[in-house]
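Me: Can you walk me through this one? I'd like the overall picture, then the side-chain details.

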Amino acid sequence: MNTDQQPDAANLDAAAREHLWMHFTRLSAYAESPVPVIVRGDGPYIYDSNGRRYLDGLSGLFVVQTGHGRQELADAAAKQAAELAYFPLWSYAHPKAIELADRLADITPGDLNRVFFTTGGSEAVESAWKLARSYFKRTGKPLKTKVLSRSIAYHGTSMGALSITGIPVLKQDFEPLVPGAFRVPNTNYYRRPDESMTPEQFGVWAADRIAEAIEFEGPDTVAAVYLEPVQNAGGCFPPPPGYFQRVREICDRYDVLLVSDEVICAFGRLGEYFGSTRYGYQPDIITCAKGLTSGYVPLGAMLASDRLAEPFLEGKNWFAHGITYGGHPVGSAVALANLDIFEREGLNEHVRDNSPLFRSYLERLYDLPIVGDVRGDGYFFGIELVKDKATKATFDDAESEALLRGFLSKALFDAGLYCRADDRGDPVIQLAPPLICDESHFAEMEQILRAVLTEAWARL
C-alpha cells in the first residue's frame, strides 16, 4: 500500500483481506467479494471508499446518537489530548472524570450516585457482577454469587459478560464459562406462550419466572438479575406494562440486585437519558456505554447506588477491580460535550416526539406478507420476518441463512441502508438510527425496506 497518499478502494480492500480480522464476521464471506469500507460520516449518513452514500440505520452499532461529523466532539477530544492525554483513576483523579461523574449522578434515577468508569459495555457488565459478589461478601451473604438474565439476551463478550449472555451460539466455542449464570424467559409478546394473554398478564407471567428461578436456585445464592429496558437480541423486545415494577418487588423480596443493562438503551435511544426512567423503575446498578460519547471515543460506566458503595467506605475495604483506560480524560471530555449537545438540541424530546412517527412508517410494512411483527420503542425498532403471518411460522435454519446472509444483508446495504439483519432468535431486521433523524429519514428507510423485502419474498 502506498502510505504517501490516501489509499484507494482497491488497496484498502486488499489490505483488509490480508490483515484485518473483523469482529463477528465470517471471513470467508469476503473471499470472492469486496470488503465494505466506510471512510466518512456526515449527520445520519455514511460514505464508503467508492463514494457511495448510505443511511446509517443502526447508528454504527447503536452508538452514534448525535450523528456523524460533529466537529465540536472532535475539538473536545483534541483540546483534552493536548492538555492531559492520559492518567489513570487508580488512586488518583483528573478533572474531566470528576466533572462527568458529577454530571451523570445528576441525571441518573434515584440514588445511583457512584460512577465506576470503563471503556465499554462488556466491561461495565463484568464490573457489575464483580461488585454484586464483592458487596454481598462484605454484608454477610457470601453465597450470593449467581446471576439471572433473559433468553437470547446479549450482555457482552468478555468471559463474565458472555456467561450472562443468553445466546448459545455465541458461547459454545468458549465453554466452560464462568459458572453461576442462569436464564429466564424474555418479554417477546409476539411469541408469548399463551395467545390469550393480555400484555399485562404476560408481564406478570414473565416477571414471576424470575421469582421462580430465584426460588429454584435458592434466594441465598442469587446476587443479581440483568435486564435491558428493551432487549436487543431477538429483535427489540419492549417490557409489558407493569413488568419492571413487579421485577423490582421480586428483587426487593429476595434481596437481589436489579442491574439495568443500558449499554444500548441509555442516552436518548428511548427518549430519556436512561431506559429505567422511561419505564419508571429503580435499578440498583445501571451499565452503560455506546451513546455516552456518541461513539467518538470509547467510554462506558457502571452506575451504582450509594447503598452498594457503603461497605467500601470503611477501613481497609476496597473494590479490587480497575481498568487501565476507564474514565480516560479524552473520553470524559467528549462525553461532556456530547451531553451538552443533548441539552442544547433537546435530543431526548426529539426522540419522544418522533418515535410514534417512526413506528408508523415501519408499520406501513405490515401489508407485506413477510412482515410478522413491528416492535420497539424510541428510536429502537425490530421487524420480525415470517413465512406465514396467520400461523406466525418462522424460517428454519437453512431458510434463515439464505434469507438473511444470502440476500437481505447485502441487498439492504446495496440499496443504501445500513442496518442489521439478525437471526439470534427468529429472523429480524433492526433499526436504530441517529437521534437527529426526522420524517424524511423514516420515509427513506421505509421505501428501501419495502423494495428489498418485496424482492426477498419473491425469492422464497
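Predicted model: local features only at pLDDT ≥ 70, side-chain atom pairs only at ≥ 80, totals over all residues.

Me: How many helices and strands does the chain have?
Reply: The secondary structure comes to 15 helices and 15 strands.

Me: And what is the radius of gyration?
Reply: The radius of gyration is 22 Å. The globule rule gives 23 Å for 460 residues, so the chain is as compact as a globular protein of that length.

Me: What does the C-alpha trace span along its principal axes?
Reply: About 65 × 60 × 45 Å.

Me: What share of the residues is buried?
Reply: Buried residues make up 55% of the 460 in the chain.

Me: What about contacts, what share joins residues at least 24 apart?
Reply: Counting contacts between residues at least 6 apart in sequence, 71% join residues at least 24 apart.

Me: On to the core. Which residues of the largest nonpolar core touch the most other members?
Reply: Phe267, Ile383, Leu385, Leu408 and Leu449 do, in a core of 67 residues.

Me: Take Leu449. What is Leu449 in contact with, leaving aside neighbours within four places in sequence?
Reply: Leu362, Leu365, Ile383, Leu412, Leu417, Ile429 and Leu431. Ile383 is also on the list of core residues that touch the most other members.

Me: What other core is there?
Reply: Another core of 30 residues lies apart from the largest one. Its members include Ile210, Val256, Phe380 and Ala432.

Me: Back to Phe267. Where is Phe267 found?
Reply: Phe267 is in the loop between β8 (257-261) and α10 (275-279). Its relative accessibility is 0%, so Phe267 counts as buried. The backbone deserves a look too: phi of Phe267 is near 60°, a positive value in a residue other than glycine.

Me: What is phi of Lys290?
Reply: Near 35°, again positive in a residue other than glycine. Lys290 is found in the loop between β9 (285-288) and β10 (300-304).

Me: And the peptide bond from Glu175 to Pro176, cis or trans?
Reply: That bond is cis, with omega near 0°. Pro176 has its place in the loop between α7 (168-171) and β6 (181-184).

Me: Now aromatics. How many aromatic pairs does the structure hold?
Reply: 17 aromatic pairs. One of them is Tyr86 with Tyr325, with ring centres 5.7 Å apart and planes at 65°.

Me: Why is the Tyr86 and Tyr325 pair edge-to-face?
Reply: Because its planes are at 65°, and the class takes angles over 60 degrees. Tyr86 lies in the loop between α3 (71-83) and α4 (95-107), and Tyr325 in the loop between α11 (306-309) and α12 (329-345), so the pair ties together parts 239 residues apart in sequence. At 30% relative accessibility, Tyr86 counts as partly exposed.

Me: What about Phe116 and Phe319, how are the rings placed?
Reply: Their centres are 5.5 Å apart and their planes are at 65°, so the pair is edge-to-face. Phe116 lies in strand β4 (residues 114-118) and Phe319 in the loop between α11 and α12, so the pair ties together parts 203 residues apart in sequence.

Me: Are Phe116 and Phe319 buried or exposed?
Reply: Both are buried.

Me: Which residues do ring pairs link into a cluster?
Reply: Phe358, Tyr379, Phe381 and Phe442.

Me: Which Arg residues lie over the face of a Tyr?
Reply: Arg53 lies over Tyr45, at 3.8 Å from the ring centre. Arg364 lies over Tyr361, at 4.0 Å from the ring centre.

Me: Last one, Asp306. What is Asp306 in contact with, leaving aside neighbours within four places in sequence?
Reply: Asp111, Asn113 and Arg114. Asp306 lies in helix α11 and counts as partly exposed at 28% relative accessibility. Asp306 and Asp111 are 195 residues apart along the chain, yet their C-alpha atoms are separated by 6.0 Å.

How values were computed
Residues numbered from 1 in each chain as written. Heavy atoms only, no water. Phe/Tyr/Trp six-rings, centres within 6.5 Å; stacked < 30°, edge-to-face > 60°. Helix = DSSP H or I, 4+ residues; strand = E, 2+ residues; numbered from the N terminus. Buried < 20%, exposed > 50% of the residue type's maximum accessible area, 1.4 Å probe, protein only. Lys NZ or Arg CZ within 6 Å of the ring centre and 35° of its normal. Core = buried A, V, L, I, M, F, W, Y, C linked by side-chain atoms within 4.5 Å. Contact = heavy atoms within 4.5 Å. Rg over C-alpha atoms; globule rule 2.2 N^0.38 Å.
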